[in-house]
Amino acid sequence: MRRFTQGVAVLLTTTSAAMAADRGTVHVVEGTGCECCSQWTEYLRQNGFEVTSEERYGALLIRHKMDLGVPTSQLSCHTGEIDGYFIEGHVPAADIERLLKERPDALGLAVPGMPYGSPGMGPENKRKAYDVNLVKRDGSVEVFSHYPAAQ
């Protein structure tokens, strides 16, 4: 029984590592000293993503967002990049997974602002309603996912 348990543990570890490798790595550019940015990167790691991060201050962070095509109406505190897409703000892991699976012709996903209860922004059971937006290549935006307020 012990060997079986060890074998299952090795299989699960190998499978989790392979899944993270298949997804690619999320590179996150965080605002200097921003606690919610580091909480979101930790959330991604807990959800099986490989994550690298760096901090940028002020205008350097904004310039990075603009270079990726993040519309000013969609700005938040941190910006991730994975497999040719930007991930702006507190986007849930499930939406990143869906983006990578569906591969829409778009620039990326955005959760503008910092909605309470989104990943890295407080408990989900006290969540305020928010949308995850798909930013298309022409700069237009459409709702990709909606998260209602917690009851």
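The paragraphs below start with the cores and then turn to individual residues.

Keep in mind that this is a predicted model. Its largest nonpolar core has 22 residues, and the ones with the most contacts inside this core are Phe-49, Ile-87, Val-91, Ile-96, Leu-109 and Val-132. At least two residues each come from β1 (25–31), α2 (35–46), β4, α4 (93–102), β5 (106–111), β6 (130–136) and β7 (141–147). Helix α4 supplies the largest share, with 4 residues.

Beyond its sequence neighbours within four places, Ile-96 is in contact with Trp-40, Leu-44, Phe-49, Ile-82, Ile-87, Val-91 and Leu-109. There is also a second, separate core of 5 residues, with Val-70, Phe-86, Leu-107 and Ala-110 among them.

Now move to strand β4, residues 85–89, where you will find Glu-88. Is Glu-88 buried or exposed? Its relative accessibility is 0%, so Glu-88 counts as buried. Setting aside neighbours within four places in sequence, the contacts of Glu-88 include Lys-65, Val-70, Gln-74, His-78, Leu-109, Ala-110 and Val-111.

Our last stop is Tyr-130, in strand β6. Tyr-130 counts as buried because its relative accessibility is 7%, and buried means under 20%. With neighbours within four places in sequence left out, Tyr-130 is in contact with residues including His-90, Pro-92, Pro-115, Ser-145, His-146 and Tyr-147. Pro-148 is 18 residues away from Tyr-130 along the chain, yet their C-alpha atoms are separated by 6.6 Å.

How values were computed:
Residues numbered from 1 in each chain as written. Predicted model: local features only at pLDDT ≥ 70, side-chain atom pairs only at ≥ 80, totals over all residues. Heavy atoms only, no water. Buried < 20%, exposed > 50% of the residue type's maximum accessible area, 1.4 Å probe, protein only. Contact = heavy atoms within 4.5 Å. Core = buried A, V, L, I, M, F, W, Y, C linked by side-chain atoms within 4.5 Å.
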